[in-house]
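Good morning, and thank you for joining this group meeting.

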Amino acid sequence: MRNKLAWVDEEIAALKDAGLYNQIRTLGSPQGAWLDVDGENVLNFCSNNYLGLADHPRLVAAAKEAMDKYGVGPGAVRTIAGTMDLHIELDKRLANFKGVDSAISFQSGFSANLAVIPALVGKEDVIFSDRLNHASIIDGCRLSRAKIIAYEHGDSADLERVLQKDRKDYRRALAVTDGVFSMDGDIAPLDEIYAVTKNHSAILMVDDAHGEGVMGKGGRGIVDHFGLHGKVDVEIGTMSKAFGVMGGVAAGNAKVVEWLHQRGRPFLFSSAMTVPDVAACLAAIDLMEESTELVDKLWENADFFKAEMRNLGFDTGNSVTPIVPVMLGEAPLAQEFSRGLFSAGVFGMAIGFPTVPKGAARIRVMISAAHSKEDLEKGLEVFTSVGRKLGVLN
Ligand SMILES: *Cc1c(COP(=O)(O)O)cnc(C)c1O
C-alpha cells in the first residue's frame, strides 16, 4: 500500500522545482540593522522592525521589570482569569495613542483578524474585500461564513459598483482592506473607500499592520494619515512590526470593542498576551508618544533608498511606504538574486507565489530607522553588482 503521506514528498518536490520552497534562515542575534544569519554577519533588509524597537533597551528593561512583578505567562484567557491590570493599561494606552474611543489587544495581528471579522458578520451577511488583502483577513472572512465579494485592488469605484449591485441582498455588510499592502508597499485609498461605504451602511474595517508606527503623525496609522478619525469603525493593528514586540489590536468604535470582549473568539479561547510582551508594548508607546524622531528617521531612510534604487533602474513598483519591492518576475530569478545578495553580505529574501501572484516574484526590502546612511549605501552597492551580474540592470 502507498504511504498515506507520500503526497507530501511529491508536493515538496514540486515546490523545489518551481523555486517556491521556503528555505528558512536562522538568526543568532537580536533584530537590528545587522544580523547574524546562519553564522554570517549580514545587513538586514528583511524585518518588519521599522523603528528598531525589537532590542531597544527601554523595551527590554520594561519587560524584565514586569516579569519580576507578574511572572511570565497570563495563566488563562482574558475572559476567565487572564486579564491583568497591565492588559487593561495597554488597551487604554493603545486607544489613546490611536485617538479612538476604545481598543482591545489580542495575541497577534493574525488573531485580531480572526477575532474581529467573524464577530461582525455571519451567514446572512456580505464582506467586500480588496483582492490583495492579507491572508489573515482572508481567513477571518472565510471563518465568518459570510458571502465574500472581492473588489479590484485599491479601486473604490469597483467597490462602489459591487456595493450597488450586491449590498441589498444581505443583512449586514463589512468592507475590509489592508491599510498598507505589505508586498507592494502601496496604500488603500481610505478616504474614497470611506466616502463609498458610508452610503451603503457597510461597516468599515482597515488592517493597518504595516501602517502602525509608520504612517500618520508619529506613527499613529493610516486613519490618522487620511484624517479620518471617528469614521473608520475598526482598525486592526499589530505590535509585532513597528512596535518591535508581538501582539495585535482592534481599535475604534466603543460598541465594536465591547462586542469583541463578548464574541472575539481568540480573546475568549486563547490565552492573553504574555507579561513581557505587554510591558514592552507599553514602553514602545511611551517612546512613540515622547518623540517622532524614530518615525522621521524611518521615512528619511526609506525616501533615500527608494529614490536611489529607482535611479539605478530597478523597478520598485507602486510603493509609497518604507516597503521597497524590487520586482524581478520569475521566482527562480528572485531566489538567485537573494542568494547573490546574501553571499555579498546583504539579507534580502525572495518572495514568490502564493505570497505574491505568479510571475511577480521579488526581493522585498524592508527599510528601518535602525539603518545608518552607510548601511543603505552598502545595500545600494550590493544591489547594483548583483543586478548587473544577473542581467537585471544593464
Ligand atoms: C503582518 C500582518 C498581520 C499579522 O500580524 P502578526 O501580529 O504578525 O500576527 C496581519 N495583517 C497584515 C496586513 C499584516 O501585514
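Predicted model: local features only at pLDDT ≥ 70, side-chain atom pairs only at ≥ 80, totals over all residues.

**The ligand site and its surroundings**

A polar backbone atom of Gly109 sits 2.7 Å from an oxygen atom of the ligand. Taken alone, the ligand exposes 380 Å², and the protein buries 87% of that; accessible areas here come from the Shrake-Rupley method with a 1.4 Å probe, and for residues only the protein chains shown count as cover. Residues are numbered from 1 along each chain as its sequence is written, and side-chain values use heavy atoms, with hydrogens and water left out.

For Thr238, a polar side-chain atom lies 2.6 Å from an oxygen atom of the ligand. For Ser240, an N or O atom in the side chain is 2.6 Å from a ligand oxygen.

How many residues surround the ligand? There are 14, and the closest are Gly109, Asp207, Thr238, Ser240 and Lys241; a residue is near a molecule if one of its heavy atoms lies within 4 Å of it. By class, this shell has 2 nonpolar, 9 polar and 3 charged residues. In that classification, Ala, Val, Leu, Ile, Met, Phe, Trp, Tyr, Cys and Pro are nonpolar, Asp, Glu, Lys and Arg are charged, and the others, Gly among them, are polar.

Which element gives the largest share of the shell? Helix α5, residues 109-120, contributes 3 residues. Helices (H or I, at least four residues) and strands (E, at least two) are DSSP runs, numbered from the N terminus. Helix α5 is largely enclosed by the rest of the structure, because 9 of its 12 residues are buried, where buried means under 20% relative accessible area, exposed over 50%, and partly exposed in between. Among the buried residues of α5 are Gly109, Asn113, Val116 and Leu120.

Let us turn to helix α4. Its 14 residues, 85-98, should span 20 Å at 1.5 Å a residue, and its end C-alpha atoms are 20 Å apart, which agrees; the expected span is 1.5 Å times one less than the number of residues. The buried residues of α4 include Leu90, Leu94 and Lys98. Elements against which the buried residues of α4 pack include α2, β3, β8 and α12, contact being heavy atoms within 4.5 Å.

Is Glu235 buried or exposed? Glu235 is buried, with a relative accessible area of 5%. Its side chain makes a polar contact with the side chain of Lys98 at 2.7 Å; such a contact is a pair of N or O atoms within 3.5 Å, where within protein one must be able to donate a hydrogen and the other to accept it, and residues adjacent in sequence count only if both atoms are side-chain atoms.

Finally, the backbone. Most residues other than glycine have a negative phi, and most peptide bonds are trans. Arg145, however, has a positive phi of about 65°, and Ser201 one of about 45°. Arg145 counts as exposed at 57% relative accessibility, and Ser201 counts as exposed at 56%. A cis peptide bond, with omega about 10°, joins Phe353 and Pro354.

Note on methods:
Buried < 20%, exposed > 50% of the residue type's maximum accessible area, 1.4 Å probe, protein only.
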